[in-house]
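Student: Could you take me through one part of this structure closely? I would like to see how two neighbouring pieces meet, and what lies beyond them.

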Amino acid sequence: MKNIAIGVIGAGLIGRKHLRKLAERSDYDLVGIADVNVDQVAAEHPKTRVFADYRQLLDEARPEAVIIASPNQLHAETGIECARRGIHILIEKPVTDTLDSAAALLTEVRKHGIKSLVGHHRRHHLQVRTLKALLGEGRIGDVVGVSAIWATHKPESYFDVAPWRSQAGGGPVLINLIHEIDFLRFTIGEILAVEAIASNRRRGFAVEDTAAALIEFDNGALGTFFISDSAVSPWTMEQGLGEAVEFPFSGQNSYRLMGRRGSLEFPNLLQWAQADGAQNWNQPIQAQHVHAGTIDPYVAQLDHFRDVIRGTALSLQPVEDGARSLIATLAVAEAATAGRRIDLRDRYAALAPALKDH
């Protein structure tokens with residue numbers, strides 16, 4: 001079968017990761033890279049055409065698909081230009097930076113019929129897919145609730161190299177929580193409403209360093225989430241999965257999911273249940289590990305994108321689904337500021353005009 005001609009737009013931290021993975025592939029042909037740092041990128045990839053303007057990449061290299069790894073605020077514009085040229089997109093998360101731009105992108109994607117995949121790479125972890133399957137088959141019964149933590153201490157250099165991270169929009173809610181929100185939506189179900197509170201007392205920046213959220217799911221489950229980038233702990237998804245060298249492996253569970261017939265800790269997939277399906281606090285509860293292998297989620301994501309383009313698989317997360325994760329995450333930040341519960345149903349419904357004619 002013919003290889004897929006692909007381009008990469010944005011050769012920053014995540015773009016370079018995609019480029020390394022593509023270099024190992026025999027089913028994709030890298031036909032171009034777009035990045036403002038042309039000379040540096042060209043020196044690193046001497047066999048590939050490098051463009052300063054991504055539109056030149058689209059028009060001259062004529063890829064069948066692209067990976068959009070540019071800054072968040074450029075995602076919508078870039079995706080729209082791809083859609084109008086009939087080019088399929090793997091667009092890094094968050095899908096865009098605002099709800100209006102997400103709706104505009106969604107309109108063009110549907111209008112031109114291109115395939116889309118949002119790069120929430122955790123959906124491709126075997127452990128995550130195993131958890132989703134276990135919940136789907138009722139291993140712990142109906143999910144009653146989830147308790148989760150994401151807590152680590154970002155070094156001062158993290159803020160020194162990018163001062164915007166100490167300003168509004170640069171805190172752990174909008175930078176880190178979106179990964180967790182998407183994970184919760186994928187495994188437990190759609191998020192119906194959120195409440196939140198935030199604090200900046202540890203660092204004293206204009207943006208939060210710590211927040212706590214209450215989450216209501218459409219299926220009736222409730223959740224609590226504590227997130228902080230100013231606390232030393234082993235409880236982050238990255239540390240538990242060992243998915244990034246920047247986060248040394250801890251192997252600790254940062255999620256506890258509780259159901260009518262048992263509970264699961266994640267990512268170790270430790271299941272707790274009573275004998276013979278008992279539901280009685282007077283009975284002992286025992287643990288057993290559920291085995292799940294490990295794979296490189298970025299490799300699995302490229303496998304899936306290939307299959308989506310070739311029409312042998314439906315996208316695990318098209319643009320409209322990525323927009324829902326953005327809606328829920330932005331609502332947490334808003335709820336923390338406004339001090340009120342925010343119902344998301346009207347915001348999800350606002351995406352409908354982008355869909356109704358296609």
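Tutor: Val128, Leu131, Lys132 and Leu135 in helix H6 meet Phe183, Phe186 and Thr187 in helix H8. Contact here means heavy atoms within 4.5 Å. Helices are DSSP runs of H or I with at least four residues, strands are runs of E with at least two, and both are numbered from the N terminus. This is a predicted model: local features need pLDDT of at least 70, side-chain atom pairs count only at pLDDT 80 or more, and totals for chains, interfaces and linings use all residues. Residues are numbered from 1 along each chain as its sequence is written, and side-chain values use heavy atoms, with hydrogens and water left out.

Now the geometry. H6 spans residues 126-136 and H8 spans residues 172-187. They pack at an angle of about 40°, with their axes 9 Å apart. Axes are lines fitted to C-alpha atoms, for helices over the stretch in contact, and angles run from 0 to 180 degrees between N-to-C directions. That angle makes H6 oblique to H8. Under 35 degrees counts as roughly parallel, over 145 as roughly antiparallel, 65 to 115 as roughly perpendicular, and the rest as oblique.

Next, strand S8, residues 191-199. Eight bridges join S8 to strand S9 (residues 210-217), and the two run antiparallel. Strands pair if DSSP finds at least two bridges between them. Alanine 196 stands opposite alanine 213 in S9. Two bridges also join S8 to strand S15 (residues 342-343), again antiparallel. There, valine 194 has isoleucine 342 as its bridge partner.
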